[in-house]
Each structure stands twice: as structure tokens, then as C-alpha cells.
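Here's a walk through a fold, going from its sheet out to the helices. Keep the viewer open and follow along.

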Amino acid sequence: MRTLKFKNGDQMPAVGLGTWKSKPKMVENAVEHALKNGYRHIDCAAIYGNENEVGNAFKKVFDSGEVKREEVWVTSKLWNNAHKKEDVIPALKQTLKDLQLDYLDLYLMHWPVAFRPDVKFPEKDEEFLSLEEVPLSETWEAMLEAKKQGLVKHVGVSNFSSTKLENLRKETTEMPEMNQVELHPYLQQNDLLEYCSEHGINLTAYSPLGSGDRTEEMKADDEPVLLENEVIQKIAKKHNASPAQILIKWAELRGTAVIPKSTNEGRIEQNLQSVGYELDKEDFEEIAKLDKHYRYVKGDKQFATEGNSYENIFDE
Ligand code: A2P
């Protein structure tokens, strides 16, 4: 499998297992099944509410000796209510405790948005902390400190625009090594890909399959179903692959990491098998035409109310 390279020589396997929306009862089996079937990259986050169960799977598999801790790339993310500098390391330590690990391979700032420490999902303006109260650079410096202390090997961000990355570049000493963003044929992120490659930042593609299992209230009425796209289906047929495998392979061939979520054993296996396929120039040309800047994950609507400091979270 392809890997993404980091400056210190570390390598992250391009295809990982996503765990957003995986129910706690199902995620333990999913992670165990994934690790026993060749996955060496698991993507987690505190806010997914299932790190305890992911941790049970890690313990079981690592204790069995079948897979060693150091063979697996584990990512987790800092939730938006722990952005103050004194809150970052305690939040990270809670994640390590839940995951039953003594270090993470990668820790990401989940969103460029800060909430009050007592708020999980804000409903009112006063539940946010403004960028003046907690600048992104403050949170970032605390994450760098976590790396210095050896609690994490690499640090990065998620849902950052190139504008926000550029601001961070001016304000801090060390750039994020990773930016994890929504990325798929309907949202190809060409400009961000170019910016990140110029500045030595790796990208991870989330919701690569179109994130069809979001709750109804998170979905738009007229939402396009990526897995049912005719071009993707046609290319899948041509290669004797499934549409999901084409989407995963496409992301992998573009040099990004990709973290399809599944709790179904057959689909977990199928998604990793995507690495065995190839796409040709024609496939790429056809998929390039599908870009329509469509976001499934409406972070702009979720976290930005008119007039608060997060009004234009994606800087578009
Ligand atoms: P399930 O967990 O039942 O397999 P995303 O990674 O973009 O968030 O997409 C996750 C959604 O895609 C989930 O609904 C997941 O369902 C589904 N999914 C995962 N792998 C496949 C696959 N190979 N074929 C079809 N659907 C899949």
C-alpha cells in the first residue's frame, strides 16, 4: 500500500478505517476486524463518543500479539471545547486513556472553532469562544507542546482552509504536518491540495464515500448520493470493482490518505482491497469533471451563526 511520508521518516498507510458515526457497540468489532485483516491505520476522535470501545479493540489485538502497537498508525482529534492552552494536554490524556495507548501517531485540531469548555455542541452564540479569546495559534502552540512531551508523534489540523494555514504559518514556528478535510469527487479540493503540497503538508480525505450514514437532520433534502453516481458506477464496472473501491483508489492515487468508515466486516475488507486496483488516465479525466464543490459536512452551518467570528469557516 502507498504511504504518506513525514519529515522525520515516519510513514502513514494511505488507507485507514474511519470511525465517525460508528456506534460504540459496533466499533469495537470493526476495529478488531480491520486490524486482523490488514488495516494499519485507524482514525479516531474524542467527539465520536466511541474511543473507549476503540480502545478495547486495541487492547485485545495488541495483547494478543497478532499486531504490534508500533505497526499501527493511530490518529485522534482535539474537540472544540478544549482549545484553551491549559485544556489541550488534559484532553489528549483523556483520549490516550480511552484508547488505552501511551502515545498517538497523530493528533489533530478537529475544527478551527472554539467552544466554552462546558459546551459540546453550541446552540447559542455565547457558547462559542471567539478567535480573539482563544486564537488558533494558542491551541496550536499547546499541541506542539504535546509533541515535545512525546505524547504524540505528529500534530496537524482538520477542516482548515489554505487561508487559515497561511495565517498559522505567519504566527507560529512549526506548520501542521497534516490537514484532514472532506474530499471526494464532488469536492476535489484542488487548490488546497496544491497549497499543501507546496508547504509539505499531507492531506487526509474524510467522507470519501459521501458519508451516507449521517443523521437525517445533517442531510440536505436534495443531497447527491456519491456511491450512485453514474460515472463512478461505470468506472467500477469497467474494473470489476465496487463504486466504493473506485472512490478509495482515486483518493489514494491523488496522494492523500483516505479513511472510509464501515462497521460491516465484508465492506471493511472490501475497502482495503481497493489498493489492488488501478485507475487509468481516462478514469481520472472523467472523475475530474464531477467536481461541483459539494460539501456533505456542513461545518459552516453547524458552527457559524451570522455575525459570530466563525461566519466563514471555510474562507470561501
Ligand atoms: P457501513 O458502515 O454499514 O458499511 P464515509 O466514509 O464517506 O463517511 O461513508 C460511510 C458510509 O458508507 C457508511 O454508511 C458505510 O456503511 C458506507 N460504506 C462503507 N463502505 C462501503 C462500501 N464498500 N460500499 C457501500 N457502502 C459502504
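Two strands count as paired if DSSP finds at least two bridges between them. Helices (H or I, at least four residues) and strands (E, at least two) are DSSP runs, numbered from the N terminus. One thing to bear in mind: this is a predicted model, where local features need pLDDT of at least 70, side-chain atom pairs count only at pLDDT 80 or more, and totals for chains, interfaces and linings use all residues. Residue numbers start from 1 along each chain as its sequence is written.

Contact here means C-beta atoms, placed from the backbone, within 7 Å.

Now look at strand 11 (residues 202-206). Five of its five residues are buried, so the strand is largely enclosed by the rest of the structure. (Buried means 20 or more other C-beta atoms within 10 Å of a residue's own, exposed means 12 or fewer, and partly exposed is in between; C-beta atoms are placed from the backbone.) Asn202, Thr204 and Tyr206 are on one side, with Leu203 and Ala205 on the other, and both faces are covered. Strand 10 (residues 178-182) runs parallel to strand 11, joined by five bridges, and Gln180 stands opposite Thr204.

Over to a helix pair. The axes of helix 4 (residues 136-148) and helix 5 (residues 162-171) come within 10 Å and cross at roughly 70°. Leu136, Ser137 and Trp140 of helix 4 make the contact with Lys164, Leu168 and Glu171 of helix 5.

Last stop: helix 9 (residues 265-273), whose buried residues are Ile268, Asn271 and Leu272. Down the helix axis they fall within an arc of 95° (taken over directions from the axis to the C-beta atoms), so they line one face of helix 9. Their cover includes strand 3 (17-18), helix 1 (24-36) and helix 8 (243-253).

Key: Two residues are in contact if their C-beta atoms, placed from the backbone, lie within 7 Å. Axes are lines fitted to C-alpha atoms, for helices over the stretch in contact, and angles run from 0 to 180 degrees between N-to-C directions.
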